[in-house]
Amino acid sequence: EKVKTCKRIFRLYKILLIVLIFMHLFCEPQPRSGSTDDATSPSLKAASPSLADVGKAISSAESGDTIIVPPGTAIWDKQLVLTRGVRIIGAGLGKTVITSAYNATSSNSSDPSNSLIYYQPEIPSDAEKFQLSGFTFDLENRCGLLHIKNLSATVIRHNRVNNNTIK
């Protein structure tokens, strides 16, 4: 009787394993609620990593869109200002390289003008997600990288700055 029970359990485990393997191979994972890795968001491609081209793509984007920045190098001499949540994705470390020629205008670290990128959502209650990933930034000791400012009582959540190198 114990042998039969063990064989049944073994068969059930084999079936479960086959189902799990099938799901892993053929089922696309769904993004978690609140995830910034929303693969369904529309993508726009910047023509180059230049500030002008990235800014143009962002101007054409809506909240939730993804801006794909191609490999290359660029010097940014002005601040990139964002007012809506977008994902800005470079080609990877050492592939999309941004060098700062932007000089901080104040010694006050809470001053937004001291960062190369400034994000202040127009409507924080919309819970727009911001992501910056896949870049190498050489700030040349001129400024900080990112300043996020919230003028409301609403907490801004689910922002990500990952997979970047900052020099």
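A nonpolar core is a set of buried Ala, Val, Leu, Ile, Met, Phe, Trp, Tyr and Cys residues joined through side-chain atoms within 4.5 Å. Buried means under 20% relative accessible area, exposed over 50%, and partly exposed in between (1.4 Å probe, protein chains only). The model is predicted: local features need pLDDT of at least 70, side-chain atom pairs count only at pLDDT 80 or more, and totals for chains, interfaces and linings use all residues. Residues are numbered from 1 along each chain as its sequence is written, and side-chain values use heavy atoms, without hydrogens and water.

The largest nonpolar core has 26 residues. Trp-76, Leu-80, Leu-82, Ile-88, Leu-116, Ile-117 and Phe-137 have the most contacts inside it. At least two core residues come from each of helix 2 (51–60), strand 3 (72–76), strand 4 (80–82) and strand 7 (115–119). Helix 2 gives the largest share, four residues. Helices (H or I, at least four residues) and strands (E, at least two) are DSSP runs, numbered from the N terminus.

A nonpolar surface patch comprises Ile-9, Leu-12, Tyr-13, Ile-15, Leu-16, Val-19, Leu-20 and Met-23. Together they have about 800 Å² of accessible area (Shrake-Rupley method, 1.4 Å probe; for residues, only the protein chains shown count as cover). Patch residues have over 30% relative accessible area and no salt bridge; nonpolar side chains (Val, Leu, Ile, Met, Phe, Trp, Tyr) are joined within 5 Å, like charges within 9 Å. Leu-16 lies in helix 1 and is partly exposed, at 44% relative accessibility.

One salt bridge is counted (a side-chain nitrogen of Lys or Arg within 4 Å of a carboxyl oxygen of Asp or Glu). Arg-142 pairs with Glu-140, their closest N and O atoms being 3.4 Å apart.
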